[in-house]
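Please walk through this model with the structure open beside the text.

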Amino acid sequence: MLDRTADNVARATPEPLARRIRGISDKGLAWLFISPTILLLLAINIFPLFWAIYLSFTNYRANRPNEAVKNLGLANYRRILGDQDIWIAMQTTAHFVFWTILLQTVIGFTLAWLIDRKFRGHAFWTTIILVPMMLSPAVVGNFWRFLYEPQIGLFAYVVAFFTGIAPTHVQMLSNVELAPWAIIIVDTWMWTPYVMLICLAGLRSIPEYIYEAAEVDRASNWRQFWSITLPMALPFIMLAVLFRGIENFKMFDMVNLLTGGGPGSTTEVASITLKRQAFESWRTGYSSAFAIILFVAVFGLANIYVKALNKVKQR
Amino acid sequence: MKSTWKLALGLASAITASTAVSNAAHAEDLTLCWAAWDPANALVELSKDFTKQTGIGMKFEFVPWTNYADRFLNELNSHGKLCDLIIGDSQWIGGAAENGHYVKLNDFFDKEKISMDDFVPATVVGYSEWPKNTPNYWALPAMGDVVGWTYRKDWFSRPELQKEFKEKYGWELGPPKTYDQLLQIAEFFQKRQIDGKTVYGASIYTERGSEGITMGVTNVLYDFGFDYQNPNKAYDMQGFVNSPEAAKGLEFYKKLYDCCTPPGSSNVYMGESADAFKSGQVALHMNFAFTWPGLYKDEKVGGDKIGFFTNPAGPKGHFAQLGGQGISVVSYSDKQEAALKYIKWFANKDVQAKWWSLGGYSCLNAVVNDPKFPASQPYASTFLESMAIVKDFWAEPSYATLLQAMQKRVHDYVVADKGTAQEALDSLVKDWTQVFQDDGKM
């Protein structure tokens, strides 16, 4: 009875008044709820991005806030693209990204495949394998620095044990040839479990009946791997490669902690160069331009890659 | 009940009053910013006298050397009020003066009759003046410092080693006077077995990230003929920075690094270098003088086992890299008056004498020229000799950019074996020219 009365009152109320009575519309309420997040996003992501784009065309230096800011047009971009040291840093980054992804994918997939066999104690081993990924990069960087220490580090002694080379000659962080590999080893050790997890999810998503059908057709294990396992897990592997590729393209912490970009500039990846220009040399405009170039490069490459990933998924 | 209310009211008043009093006291507290190292501890001790005399409390913000420049330059650039007083590195002076971070002290010095003539001239130029060699003062010389060397006196005095050394090189084993001698000693000790332990020749600066390798290599470069610019034409660097003689100096530093440093010495600065010496690994050790009091007190390598010597002379001169800092009042501080009181107190002769006795390196002539000074500590005379031959890196507002360029070029050549010494210095001239062009100075 009461409900019917309320219903009648509501129907009799003119629309503008009803809106006022009801307060905020659903859409308005939705905007109200998401507006803090949008404002935060605008403040800490979108505004700095546009600000950096603006600064990249200027000679602004953050350590000289009182100096007049001059518009340089594309001069910063021209200088970066013509700077041989920048290209060397980009090559170093590419070398680092290529090898870490290759090793992490191969080892990660192999581990996932082994774990997927569901042998006795596989859950325990999965947890153990995941431990490096759970550690802080700062901790990992510091303890690997000690491990690599030529006079007291365990790594040098292990290498010496297997090769007969004196431990003091195993200078992983000081040697120009070895230093890039020292970082690749640590990054692979730390992030292979992550690739393994994604691959494991891919392997577990393959329906069992496909293997059963293959068994009926007397397909060998090798044939099953190449015709079923690998193609069906490929989108997951590609996803892992995408994630690791983006992460490693902007890798900073591990390189900074292990070698600081040295010896010389041997391990100076793009992010280290960027940090030096921005926060040591205080060339804010120049480093903003470099950051924009890196952003466009990563964004462009990631887009091409995602398109390829979608094609693979559609197959 | 009434008495309970009275008691509560009384307590509340007491708490309010005590908070107000304590706030009033804290309002006058000064914060002094510096690097976290041994002299900073001595300054804490010394500053207790200031608090006793003036009632002004002292708080300290000490940051490890690796973050010192980043932390405090960020603070100054953001016009922060954390530091009332700052002991900033000598190379900051140009930027700090031109960007208005430091209070200019000329009027204050005139009013308080503090004369810069009373301080060691090199420290006044290095720590206080901007532009250099003009009477514009932004700091009071606070902590004199210079690169010098320590050696293992106990190893040098072993008769069997002395004999072997003399037979091999034809001169008595002792503190080197030239770079050839330094290299010979380092070679002699490299990978030698002493007391059943393998030891190495020398620990030298090779750090890449901040300023390490530059602070090391410049000692040698100056002595071989390197100069920052044409003495008659500012910012003219061609043929001065990259002269063939300077290239020879750089080659020498690489030779010393390649032949005679402990394994894994590719990123060594003050801490690592001192550790190599303290752990008994090296016969020779390059470091700033501030490390000497601590090393002399060290049970394992100090006392009779340690000796000190100035940077050797080279074919074109005899110099040493200046370290050290001046104390400045931060222009963004709300307590400038109290901060100036501290500077006045710190400039006092008795305070400076105590500063030296506690482990700080005074720059006051009255202290260092005292006839008793050379004998006051085993390293005092070496410090004095070294301070007489100092030369410093650029102190331009763009010093950080100039420093990074040198770090890169030198480290690439010395540690990473990239190119030749001449190419490294030629590239350095290009880098520095670009920096000065960007600054509109060329």
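This is a predicted model: local features need pLDDT of at least 70, side-chain atom pairs count only at pLDDT 80 or more; totals for chains, interfaces and linings use all residues.

Residues 270-280 of chain A form H13, and residues 284-314 form H14. Their axes come within 8 Å and cross at roughly 160°. H13(A) and H14(A) are therefore roughly antiparallel to each other. The crossing in which H13(A) passes H14(A) is left-handed. Ala270(A), Leu274(A), Gln277(A) and Ala278(A) make the contact from H13(A). From H14(A) come Thr284(A), Tyr286(A), Ser287(A), Phe290(A), Ala291(A) and Leu294(A). This contact of H13(A) with H14(A) divides into 7 nonpolar, 3 polar and no charged residues.

Helix H3 of chain A, residues 26-55, also packs on H14(A). The angle is about 120°, and the axes are 7 Å apart. Oblique is the term here, because angles of 65 to 115 degrees count as roughly perpendicular, those over 145 as roughly antiparallel, and those under 35 as roughly parallel. H3(A) and H14(A) are therefore oblique to each other. Their crossing is left-handed. Ala52(A), Ile53(A) and Leu55(A) of H3(A) meet Thr284(A), Gly285(A), Ser288(A), Ala291(A) and Ile292(A) of H14(A). The contact of H3(A) with H14(A) holds 5 nonpolar residues, 3 polar and no charged.

Now return to H13(A) and pick out Glu280(A), which lies in that helix. The C-alpha atom of Glu280(A) is separated by 9.9 Å from that of Asn63(A), 217 residues apart along the chain. Which residues does Glu280(A) contact, leaving aside its neighbours within four places in sequence? They are Ala400(B) and Gln404(B).

That leads to the contact between the chains. Here 22 residues of chain B are in contact with 26 residues of chain A. On the side of chain B that touches chain A, helix H3 (65-77) and helix H19 (399-414) of chain B each supply at least two residues. H19(B) gives the most, with 6 residues. This side of chain B divides into 5 nonpolar, 11 polar and 6 charged residues.

One more helix of chain B is worth a look. Helix H2 of chain B covers residues 38-54, 17 residues in all. From its first C-alpha to its last, H2(B) reaches 25 Å, close to the 24 Å expected at 1.5 Å a residue. Its buried residues are Pro39(B), Ala40(B), Ala42(B), Leu43(B), Leu46(B) and Ser47(B). What covers them includes strand S1 (30-35), strand S2 (58-63), strand S4 (140-143) and helix H15 (349-358) of chain B. Gly55(B) follows H2(B), and its phi is positive, near 80°.

Terms used
Residues are numbered from 1 along each chain as its sequence is written. Chains are lettered from A and ligands numbered from 1 in the order in which they are written. Two residues are in contact if their C-beta atoms, placed from the backbone, lie within 7 Å. Helices (H or I, at least four residues) and strands (E, at least two) are DSSP runs, numbered from the N terminus. Ala, Val, Leu, Ile, Met, Phe, Trp, Tyr, Cys and Pro count as nonpolar, Asp, Glu, Lys and Arg as charged, and the others, Gly among them, as polar. Axes are lines fitted to C-alpha atoms, for helices over the stretch in contact, and angles run from 0 to 180 degrees between N-to-C directions. A crossing is left-handed if the near helix is turned anticlockwise from the far one by less than a right angle, and right-handed if clockwise. The expected span of a helix is 1.5 Å times one less than its number of residues. A residue is buried if 20 or more other C-beta atoms lie within 10 Å of its own, exposed if 12 or fewer, and partly exposed in between; C-beta atoms are placed from the backbone.
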